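Please read the points alongside the sequence and the coordinates.

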Amino acid sequence: MNPPDPDLAAAELKAMQDSIYREKILRARRQTPEERLADVFELTNTVFTRMHEGAMWQAGITDETEGWEIVRKRLARLRLVHDAGRFASHPPAAV
Amino acid sequence: MTIEQLAAAVLDACEKESVDHMLTGAFAHGLYGIPRSTKDVDVVLSLASGDPIDRVVRRLAGVVQFEEQVQFDTLTWGKRLVGESTAQPPFKVELFELFDDPFVQSQFNRRRRIFSTQIQRETWLPAPEDVVVQKLRWGRSKDLDDARDVLAVQGPETLDMTYIEHWCAIHGTLPRLRDALAGIPPLD
C-alpha cells in the first residue's frame, strides 16, 4: 500500500476547515446583531457551567465552592499565558 | 450570577456615576462576528468625568473585588484595572481608561448605542470597523481570528474599508488585514 500523499491530505483538511468555517459565517450572517450578542451571554454561562462540572468530576468532589476554586485557579493560569508580556505594572518613564 | 447580570451591574455603575463608557471585548466581537464565550466584561471608561475608575470601582463594591494595582497595556500604555465577581462563577471585569491615543479616541467617538434584551438596557458598543482595527492592532492569535470573523460576517463590501486601511497603515498592520481577508473562504 502506498503511503498517503501529504499534499492531498493537507488539501482535504483545508477544504474541511473552510467548510466548517463557512457554515459558522453563514449562520452568524443569518442572525441579527442582537441575536449574536445574546449568544455570547448564553455561550459564556454554558461554558462556565461545563468547566465547573468538569472540574468537580475530575477532582472527584461534590463541594461546589471547591469546584469553583479549581476553575478560578485554572483561569488564573490561562490568564498568565494569554497576558504574558502584554501588561506591565508601570508605564515607561517617558509616557 | 450570570454574565449578563454582571454586565448589567457594571453598566449600571457607569450610568449612576455619569461615566461615559463603551462595552468592548467579546461582546463587541460577538455583535458583529461569530459569537463565542468570554471570561470577562470589558468596559472602556471616559476620563471626561474625572477619576472614572475609582468611582465605578466604589459603586461596584460588594459585587466585584478589584485588584489594588492598575496595569498598563504595553502596546499603547493604556491603563487597566482588573476585578473579579464576588459571586460565582469567577467572571472577571476589566476597566480600561480612555486615553489620548488617536485611534482609541476615534473608536470611542464612533461608538453606537444598542439595546440588549439579555441585560435589558441600551449599551454603547464600538462600530465594526473599530473592532477590526483594534483586534488587528493587538494581534494575538485570538484577536486575528476575531478580526477575520468580523470581516467575514459583515462582509468587506458593507464596511468602511478606507477607514480600516487608514488605521492599519498607521499601526503597521496592513499585512495582518490582508491575511485576515485572505482567510475568508468562498461563501457561495
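In this predicted model, strand E1 (87-88) of chain A pairs with strand E4 (residues 71-73) of chain B in the antiparallel sense, over 2 bridges. Within E4(B), Phe72(B) is the bridge partner of Ala88(A).

**Contact between chain A and chain B**

- The contact joins 34 residues of chain A to 33 residues of chain B.
- On the side of chain A that touches chain B, at least two residues each come from helix H1 (6-30), helix H2 (33-59), helix H3 (64-83) and strand E1 (87-88) of chain A.
- H2(A) provides the largest share of that side, with 14 residues.
- By residue class, the side of chain A that touches chain B comprises 19 nonpolar, 6 polar and 9 charged residues.

**Domains of chain B**

- Chain B is assigned two parts, namely domain 1 (3-126) and domain 2 (130-182).
- A distance of 22 Å separates the C-alpha centres of domain 1 of chain B and domain 2 of chain B.

**Contact between the domains of chain B**

- In chain B, 10 residues of domain 1 are in contact with 11 residues of domain 2.
- Helix H2 (26-32) and helix H4 (102-109) of chain B each contribute at least two residues to the side of domain 1 that touches domain 2.
- The largest share of this side of domain 1, 3 residues, belongs to H2(B).
- The residues on the side of domain 1 of chain B that touches domain 2 of chain B fall into 6 nonpolar, 3 polar and 1 charged.

Terms used: Residues numbered from 1 in each chain as written. Chains lettered and ligands numbered in written order. Predicted model: local features only at pLDDT ≥ 70, side-chain atom pairs only at ≥ 80, totals over all residues. Contact = placed C-beta atoms within 7 Å. Helix = DSSP H or I, 4+ residues; strand = E, 2+ residues; numbered from the N terminus. Nonpolar A, V, L, I, M, F, W, Y, C, P; charged D, E, K, R; others polar. Pairing = 2+ DSSP bridges. Domains from an automatic or database assignment.
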